[in-house]
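I set out to record how the parts of this structure meet one another. The entries below follow the order in which I looked things up.

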Amino acid sequence: MARCNFCDADFNTGPGDVLLVCPYCGTAQTTDGVKFKDHYMIRVHFDQGEAQTTLLDWVSKQLGAPEDLPATANFVQYEQIWYPFWISRVDAHTEYQGMGRDATFHDEWPQRRGAYKRINFFWKPESGQFTRRHEINIAGVKEIDEDIRNFPIPTRAKEFFSHAHAEEFDGKVLHSNMTEEQAKAQARQIAIDRQTKLVLQEISKIESRKDDINVGETFLIHVPVWELTYRYGNKKYKASVSAPTGYVIESQYPRSMSFRAGGIGVGLIMLLLGIVLFMIAFDVLGLRAMLSGLGLGPDSLVGGGAISGGLLSILGLILLYKAASRKEAKESV
Amino acid sequence: MGSEAESADMFKCPVCNGNVKTGPDDVVITCTYCGGTSTIEGKAIGDHLMEAAVGADERIQGFQEFLDKNKGMNKSLVKNAKIVENRLIYVPVWTAKVKADSYYKGYKTVQVPVQKTRTVRDSDGKTRTETYTDYETGYVPVQSELHTDTDERLLARKGARFYGLGEYLDTIKLEKTVPYNFEKIKDLDPIMLNAEIGQEEYEKAIHGRVADNHRAQAASGLTELFDCRTTSSVRGTTYLQAPFSLIRYKFQGDLYKAAIDGNSGRVVLGEIPITKGQRIMWTLLGLIGIILSGVGGEFLYPQFIAPEMDMTFFGVGLLLTIVGIVMTILGFRVLIMTQRVKKG
């Protein structure tokens, strides 16, 4: 429980929440009641109905999705969650010294000028510098789906956060688990790690380095996501849809019985046929002798059996997997 | 769809004194009255250009041409594709010429043919020596340079990306731009986005990007890259506003999308549905492929065990096998694909 320092209202907080958004006046504040100004949002452009229609129309084109899905799916849960993200700009300048690999080459091949028989690696001292500007995006809550965490910020106008707007859709605004300082510290660490990666491309052992890391403007942005659950048949399927752009971040989806039955049936037939051809080709279990009535020559169905049998077996396995697997689909952006 | 963004900030245009609504993180502001563009501190920003945009109908026309070109045997695609979204959005783009020079050093390996002799015993039990070709590894030192002078474009929004962005940015050409004039595009009712990334920030980012590209290019042909040093210089940095549109369309109840260059009205990247008929056709092709490759194998195998190889049979067999396998892969790939993705 926390009390808003600006409108005096009491509201619920979870463990680990340190940057709070008052659900009554919408003010972002630290647990000490200090107002946080750089707090933005991206407006909802797809309301619940539009998000649901977009989701079902998109999901119904997935492989094996039942044709009546858009008509018969029932939404049993719908919630708009506002996820907090910290976005920092970090200027990084790294000067490094260390040992890099190099090599000498010996004994040229006479038949291939410029190519050598032996290579001897050695270490040589190297130094240099990398200057980069990193844009770092950190999710403000720990328990966040990987796909939502990695989804790009929608290309729509940013605005100052308005709680009234989130309320229009009964949106649940998540408090941030980290303070501005923690976000900046983490951004700084990520920037150092990225610089280290760059340096390690150039040298293999870092002996000394000087980092000049400057974490610049850092802001908090809340991005709305529709978390939807729909029922089809006896099962429930979960999906996340970006509320500003209508992109399907991820969705589980059903596969129709006819698709599964067809896939398993055809897959099995292909696999069996493939295995039989293979067995004929390599004369496993004396199959060639059993088939002597067909008038097989000693060389017939060996090369062809191996190739066609191999192809059929692989395809059969793929079809079986496609038919039996549970699926999740993601819209690539 | 909800109303467009209203922002809490007001910016006073230094040219016409008009009050312009801005987003909180905008750093380059275009006045919605006079089109004057300046930084948030009120400094002028040199050339401010835009690409003109075509109307919704012309975008639909370009979209339908794209469908027509990629419809395959799905004759009803153009007629039955129902557009559900086609909104013009002007995105902020930085572009500049970047000249970059890299020196790099590394090595690669090659296979060197080596004639060797060995002793073999023939069917009569006699031994004789024969020569054969073996391959051994050769190490080739590489020292080379890369010189490029490229147009580098960057979407001036933080952490943002949209469908077809890379392909779209490639279509942006300075020759197609005109001085920014909001009057010319006002009637198209575009969403305007200001830049969140300033000039200095862009130039820094682009140095890094070009250097990383050079390193990747240098490393691509090598077994190991020892050193890669890049110097780059940026010139002619230009800010421009470029029109983009995402078309979402429904076909047989399913939703697809296409990214449109709002300047030409052409599709830069789009999704194409695959109908049942097309899946069946491709699967048949795949099945024929399996049979063909099998026939090829029948030709091939006897040549391997025969004392003398008949090159004609061998060639025919190999050709049939390869063609068959390619047909099989292509055919069954279409069977299990969700959709096709085509560039415009």
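**Entry 1: where the chains meet**

I looked up the interface and found 55 residues of chain B in contact with 58 residues of chain A; two residues are in contact if their C-beta atoms, placed from the backbone, lie within 7 Å. On the side of chain B that touches chain A, at least two residues each come from β6 (82-121), β7 (127-155), α5 (199-220), β10 (224-251), β11 (254-261), α6 (276-305) and α7 (311-336) of chain B. Helices (H or I, at least four residues) and strands (E, at least two) are DSSP runs, numbered from the N terminus. I noted that α6(B) gives the most to this side, with ten residues. By class, the side of chain B that touches chain A holds 28 nonpolar, 15 polar and twelve charged residues. Ala, Val, Leu, Ile, Met, Phe, Trp, Tyr, Cys and Pro count as nonpolar, Asp, Glu, Lys and Arg as charged, and the others, Gly among them, as polar.

I note that this is a predicted model, in which local features need pLDDT of at least 70 and side-chain atom pairs count only at pLDDT 80 or more, while totals for chains, interfaces and linings use all residues. Residues are numbered from 1 along each chain as its sequence is written, and chains are lettered from A and ligands numbered from 1 in the order in which they are written.

**Entry 2: a helix pair across the interface**

I then examined helix α8 (residues 303-324) of chain A, which packs with α7(B) at an angle of about 10°, their axes 12 Å apart. Axes are lines fitted to C-alpha atoms, for helices over the stretch in contact, and angles run from 0 to 180 degrees between N-to-C directions. The helices α8(A) and α7(B) are therefore roughly parallel to each other, a term for angles under 35 degrees. From α8(A), the contact uses I307(A), L311(A), L315(A) and K322(A); from α7(B), T321(B), I325(B), T328(B), F332(B) and I336(B).

**Entry 3: the strands around β10(B)**

Which strand pairs with β10(B) in the parallel sense? I found that β5 (residues 48-51) of chain B does so, over three bridges; two strands pair if DSSP finds at least two bridges between them. M50(B) stands opposite Q241(B) in β10(B). The pairing of β6(B) with β10(B) is antiparallel, over 24 bridges, and T231(B) in β10(B) is the bridge partner of D101(B). β10(B) also pairs with β11(B) in the antiparallel sense, over eight bridges. In the hairpin of β10(B) and β11(B), two residues lie between the strands, and Q252(B) takes a positive phi near 50°.

How values were computed. Parallel < 35°, antiparallel > 145°, perpendicular 65-115°, else oblique.
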